[in-house]
Amino acid sequence: MAGRSRLAATPAQRADLETLARSDVRGEADRARAMLLTLSGWTSVEVAEAFGVTADAVRHWRQWFCEGGVEALRSTLASGRPAAKGEQALAVAAALLREPVENRPNWTLPRLQAEIERRTGLSISKSRLSILLREKGGFAGAAPGTR
């Protein structure tokens, strides 16, 4: 089994890692938690098993942290055109999901997909819609008790 990492962090970096570990963005939070576990003595293999990634991914995260500090673990926006199609789909889905439960149908991905296409004319796959809802919080802004 591989040895323990020699990763080190200042008290300020540890505090920043703990803050980032509570991020709403899962990838950032996972990377910060992975660094905290590494600092606690976990190996790459152990961390990888805990997060469902490869040990190489954990090693990359450590390298990013060593080279760029906590800021390097934050998610960055991809370059290129904004995802207008996905944003439109999310806007429709969020509006539908904000309606009171007693006044709306049970929304499944296929039903949401069909309604988005009906309202906007845009076709979006179920898998992409699922990813957008998870990543971007399709339920954000929904009134309490309306999920």
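**Figure 1. Side chain of T120 and the backbone oxygen of I116 in a predicted model.** A polar atom of the T120 side chain lies 2.7 Å from the backbone oxygen of I116. T120 belongs to helix α6, which covers residues 109-120.

**Figure 2. Side chain of T120 and the backbone nitrogen of L122.** The T120 side chain also reaches the backbone of L122, where the distance to the nitrogen is 3.0 Å. Is T120 buried, partly exposed or exposed? The relative accessibility of T120 is 31%, so T120 counts as partly exposed, because that class lies between the limits of 20% and 50%.

**Figure 3. T120 and Q88.** Along the chain, T120 and Q88 are 32 residues apart.

**Figure 4. Side chain of E46 and the backbone nitrogen of T43.** E46 is part of helix α3, made up of residues 44-51. Which backbone atom of T43 does the side chain of E46 reach? The side chain reaches the backbone nitrogen of T43, at a distance of 2.8 Å.

**Figure 5. Surroundings of E46.** When neighbours within four places in sequence are left aside, E46 is in contact with R4 and G41. E46 has a relative accessibility of 27% and therefore counts as partly exposed.

**Figure 6. E46 and V58.** The sequence places E46 and V58 12 residues apart.

Note on methods. Residues numbered from 1 in each chain as written. Predicted model: local features only at pLDDT ≥ 70, side-chain atom pairs only at ≥ 80, totals over all residues. Heavy atoms only, no water. Helix = DSSP H or I, 4+ residues; strand = E, 2+ residues; numbered from the N terminus. Buried < 20%, exposed > 50% of the residue type's maximum accessible area, 1.4 Å probe, protein only. Polar contact = N/O pair within 3.5 Å; in protein donor to acceptor, adjacent residues only side chain to side chain. Contact = heavy atoms within 4.5 Å.
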